Amino acid sequence: MNFDFMNPVGFLFLLLIPLFYVFRKAKLFSKISMPLTFSDWGGWVFSWNDRFRKILSVFSEVLCCIAFIFVVLAFCQPVVHHQERVYTSRGTQIIFVVDTSPSMAARDMGDSKRLDAAIDAINKITESNSGGTYGLIAMGAQAAVVVPLTNDIATFNKRLAGLEVGMMGDGTAIGTGLALAIYHINSTKATRKCVVILTDGENNAGQIHPETAAKIAKDNSITLYTVGIGTRGTVPLEYIDPITGKTFSGYYESNFDSSGLENIAMLANGRYYSVESISSLSSALSSIIKKQDVVQSYYIKTIDENFYDKFLLAALICLGLGWFIKRFYLQEFI
């Protein structure tokens, strides 16, 4: 970001301020006055006896001077230059399949729930790798596309933050979620295509077997990574069902067989990651991004944001405040 003035010659108008006070001192410019003298009584001319009023009188003149400076700055056309990358080639395309089953409400990722930890980790990855294209699928007893493949990171992360435990029902349809991801990513022309499944359980719903979907992924050159989230043992669990509004609270026995996730990752030329903390989850996703990284060509685009209207607004505020002080407090007619 760079601040600049497109018309710097306009700063010459600032010389009018000292010239005005020099001419005024030389009595070439003087305040307009209408003397009304009844007799020459030899008294003193009017002056403020109240020190605070004197300060306000000077302050109002300073405000007028500042307003003039703001007008000059606006005339100089202030501009802020922003630079952003415009990619001219496709980067890695990744679809995240996120488990939203009730067990993802287990609070064993530090102080966070498993789903919240997954959301935060994905958010950080997409923010730091803006050149990629990302998609999002919510998985439970069913699966649905939440965000189709897009390079609009702001929209992606906004929809990502809206994932809720239980939104796709009670269950984990890994095969369905993977098949849906394959269907949406297979039609693209990216150099590398990748699906990342984040779950804490085994496949127990849906009509598509995970291995069948994994073989389809391999046949279409789609790499699959599976991430098993959560610790083993008894963990606290609490969530509000988004469909019924009912609160579920208690303890959950976390102990699933990871062999299924390992097998489908291997079938699709990927890898299985077991994560039991937020740091290990972030490391796993960072490792996946590095493995799927693609060198992209881009150019730098400069975007100009004009600020002259903001300086004019500041000038109007200063003039308005100065006029208010003179007219209503000092009771001067100007």
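Colleague: How many salt bridges does the structure hold?

Modeller: The structure holds two salt bridges. Bear in mind that this is a predicted model.

Colleague: Are Asp200 and Arg114 buried or exposed?

Modeller: Both are buried. Asp108 is buried as well. For the protein chain as a whole, buried residues make up 40% of the 334 residues.

Colleague: What does the rest of the chain look like in outline?

Modeller: The protein chain has nine helices and 11 strands. Of the contacts between residues at least 6 apart in sequence, 81% join residues at least 24 apart. The chain exposes about 19600 Å², and carbon and sulfur atoms supply 57% of that area.

Colleague: How do I describe two helices that pack?

Modeller: Two packed helices are described by the angle between their axes and the distance between the axes. In this model, helix H5 (residues 174–185) packs with H6 at an angle of about 20°, and their axes are 8 Å apart. That angle makes H5 roughly parallel to H6. The crossing of the two is left-handed.

Colleague: Which residues of H5 and H6 make the contact?

Modeller: H5 contributes Ile174, Gly175, Leu178, Ala179 and Ile182. From H6 come Pro210, Ala213, Ala214, Ile216 and Ala217.

Colleague: On to backbone angles. What is the phi of Ser221?

Modeller: Ser221 has a positive phi of about 55°, although it is not a glycine. Ser221 lies in the loop between H6 and strand S7 (222–229). With a relative accessible area of 61%, Ser221 is exposed.

Colleague: And where does Asn269 lie?

Modeller: Asn269 is in the loop between helix H7 (259–267) and strand S10 (271–275). Asn269 is not a glycine either, yet its phi is positive, about 60°. Asn269 counts as exposed, at 54% relative accessibility; the cut-off for exposed is over 50%.

Terms used:
Residues are numbered from 1 along each chain as its sequence is written. This is a predicted model: local features need pLDDT of at least 70, side-chain atom pairs count only at pLDDT 80 or more; totals for chains, interfaces and linings use all residues. Side-chain values use heavy atoms; hydrogens and water are left out. Helices (H or I, at least four residues) and strands (E, at least two) are DSSP runs, numbered from the N terminus. Buried means under 20% relative accessible area, exposed over 50%, partly exposed in between (1.4 Å probe, protein chains only). Contact means heavy atoms within 4.5 Å. Accessible areas come from the Shrake-Rupley method with a 1.4 Å probe; for residues, only the protein chains shown count as cover. A salt bridge is a side-chain nitrogen of Lys or Arg within 4 Å of a carboxyl oxygen of Asp or Glu. Axes are lines fitted to C-alpha atoms, for helices over the stretch in contact, and angles run from 0 to 180 degrees between N-to-C directions. Angles under 35 degrees count as roughly parallel, over 145 as roughly antiparallel, 65 to 115 as roughly perpendicular and the rest as oblique. A crossing is left-handed if the near helix is turned anticlockwise from the far one by less than a right angle, and right-handed if clockwise.
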